[in-house]
Amino acid sequence: MKTKVTYKILALLLMMILSAPAYAYVPFLDADTSFYNKYPYIYFVGEKDSAALSEDYFFDHAGYVIFPVGKTKLPLNSPLLKELSGTVLPQMNRDSLQLNGVILRGAASPEGSWKYNKYLGQARTKSLVNFLKSQSAFPISDSLMSAKSEAEDYRLLCRQMMLKGDPDYSLVAILCDKYLGIGRQDILKRKLMQIRGGRLWRRLLKEYFPGLRAARLMLTVKKFEPAPVAQQPVVIAPPVMVEKAAPAILDTVYEDYRIPRRELLSVKTNLLFYGVYMPFGYDRYCPIPNVAIEYYPMHGHFTLGASLDFPWWVNYKRHKFFEVRNYQVEGRYYFKTNESNGTNETYKGPAFKGFYVQAYGHVGVFEIGLNVDRGYKGEGFGGGFGAGYVMPISKKGHWRLEFAAQFGYLYVKHDPFQFEYRGIELHDGLYYYDWVRPASEFKKRQYRYTYFGPTRVGVTLTYDLLYRTNKKTKKKLSFKRVSFRSYEKGRRVKK
C-alpha cells in the first residue's frame, strides 16, 4: 500500500515539473538599460515594436571591424571586438537581455576583382558571426541572424561621401543609381576609374576605400519577460532591413569620361645580344647592336612592333667578318591590359604588361667570314611564334623588362667565299666565291639551308618614348542634365 502511495506522489511531482515553464535563466526585469546608451549599435525593441531599421540608420549606428586589405581573419586589436568581449556581451549576460536579432553586413572595397571581393565580403561576415556565437553566454540561433555580404559596397561609399559633404558625391551617386539598378557593377567601376583621368578613383581609393573593408553589426535586444504559460515556444522574428528610396538628385554629369595618358611608342633593346661570343672559327666576342619599337593602341590587347639587328664587325687583317642586318615585324596579344573592365586593376603604370603571345616574320642579309679560306654570304627569311612576359621596373612603369622566346622557321640561300682564288696566284687582295667550275656556269646562291626550332631569346629593356591621351579630352566636354525619382513622406514626387 505504501509503495502505491509513493508511486502516486512521484508521478504527481513529475507532472508538476513537466508542466512548469522552462526558462533557461532567471530574468532580472529591473535591469538598468542606460548603461547601453553609449553603444549605438545596441537597439532596444519595445513590446509592440517591429524592429524595422532603415539602411541609413544601420550605416550610421552600426559597430564595425576594419580588415586589412585582402584579409578575412578578425584583427585582434579591433576596438569593437574588445568592447564586445570585454564589456558589452558580459553585461548583457548579467542583465539577462534577450537578443531579438543580429544584423551583420560584411563587404570589400571595389579595387580588385569582383569575384574575389565577393569571397572577402562573405568570409568577413562569417568571421563576425563565429565571434558572436563564441562570446555569447546563450545560444544564438541562425533564425536570429540577418547576415548579408556585399562584394563592392558602393551604397556605403555614397553614404560616406554624402555625410562628408564630398563635392563629387552627386556624380558618384548618379552613376551608382544608374548602373547598380541594372546589376552592372563592371560598367560602374569602369566609369568611376575613367573620370578625370583616374584622379577621382585614386582619391576614393585613399579616402574612402579603407572604411569599406569591414564587417558591421547591430544588436537588437529586449528585456526578457517570461510568459505566464509556456505551452508553445515563442519565436521572435529578426529585425528587417528597410531600404529607403534614393533621394532626388539633380546634377550635371560628365558624358565624356577622361581616359588617362597612355604610352604610344616605346623603344627597346635586347640585353642578351650584347654578350654574344662567336665560336666556330670566329672565336671572338661580338656584341649584336639592336633596337626595336612597339606601338600601343588606345584600347584593346594587340600591339605592333618592329626591330633591327645590325652587327657590322670587320677585320680585314684576319679576314673575319660579322655583318648582319635582320629586320623583324611582329604582332602581340597581351592577355591582360590595364584598362578597367570591372575586374582588372586600376590605371597604374603601363597599359600593356604581363604575359603575351606573338607572331613574327623577318628578313635579313649576312656576310660572315671565319678565316682566309672560309666565309658565307647570303639572304634569308622566316617566321614563327613567341611568348613573353613584361614587368615594370620603375615606379611609374616607364622602364620595363621583357623576358621572351621565339620558335619558328628559317630559310637561307647562301654561297661560300674565300680570300683570293685558290690554285691561281693572283694575289690581288680580293674575295671570290668558292667556285671551281667555269665562271660562266656560276649562279649566285647555289646553296640552301632550312631550320626549325628556337630562333631568339631575349631579356629586353624597354622605355616609353612617346605618350598620348584620348583625342576626346582635347574637345570641350559635353554635359547632360540627369534627373531621378525621389520619395517624400512615402509619396512619389516627380522632379
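Asp 153 and Arg 105 form a salt bridge in which the closest N and O atoms are 3.4 Å apart. Asp 153 sits in the loop between strand E5 (145–150) and helix H5 (154–164), and Arg 105 in strand E4 (residues 97–107), so this pair ties together parts that are 48 residues apart in sequence. Please keep in mind that this is a predicted model.

**Salt bridges**

- The count comes to 21 salt bridges.
- In the pair from the opening, both Asp 153 and Arg 105 are buried.
- Arg 203 forms a salt bridge with Asp 168, with 2.7 Å between the closest N and O atoms.
- Because Arg 203 belongs to helix H8 (residues 199–207) and Asp 168 to the loop between H5 and helix H6 (169–180), the pair ties together parts that are 35 residues apart in sequence.
- Arg 203 is partly exposed, at a relative accessible area of 23%, while Asp 168, at 10% relative accessibility, counts as buried.
- Lys 377 and Glu 367 meet through their side chains in another salt bridge, at 2.8 Å from N to O.
- That pair links distant parts of the chain, with Lys 377 in strand E17 (residues 375–392) and Glu 367 in strand E16 (residues 354–369), 10 residues apart.
- Lys 377 has a relative accessible area of 29%, so this residue is partly exposed.
- Salt bridges with shared partners join Lys 164, Asp 166, Asp 168, Arg 196, Arg 203 and Glu 207 into one network.

**Helices H3 and H4**

- H3 and helix H4 (residues 114–135) pack with their axes 10 Å apart, at an angle of about 40°.
- The two helices, H3 and H4, are therefore oblique to each other.
- The crossing in which H3 passes H4 is right-handed.
- On the H3 side, Leu 81, Leu 84, Ser 85, Leu 89 and Asn 93 take part, meeting Leu 128, Phe 131, Leu 132 and Gln 135 in H4.

**Leu 74**

- Leu 74 is found in the loop between strand E3 (63–66) and helix H3 (79–94).
- Its relative accessibility is 15%, so Leu 74 counts as buried, the cut-off being under 20%.
- Setting aside neighbours within four places in sequence, Leu 74 is in contact with Val 65, Phe 67, Leu 81, Ser 127, Leu 128 and Phe 131.
- From C-alpha to C-alpha, Leu 74 and Leu 128 are 7.4 Å apart in space, although 54 residues apart in sequence.

How values were computed. Residues numbered from 1 in each chain as written. Predicted model: local features only at pLDDT ≥ 70, side-chain atom pairs only at ≥ 80, totals over all residues. Heavy atoms only, no water. Helix = DSSP H or I, 4+ residues; strand = E, 2+ residues; numbered from the N terminus. Buried < 20%, exposed > 50% of the residue type's maximum accessible area, 1.4 Å probe, protein only. Contact = heavy atoms within 4.5 Å. Axes fitted to C-alpha atoms, helices over the stretch in contact; angles between N-to-C directions. Parallel < 35°, antiparallel > 145°, perpendicular 65-115°, else oblique. Left-handed = near helix turned anticlockwise from the far one by under 90°. Salt bridge = Lys/Arg side-chain N within 4 Å of Asp/Glu carboxyl O.
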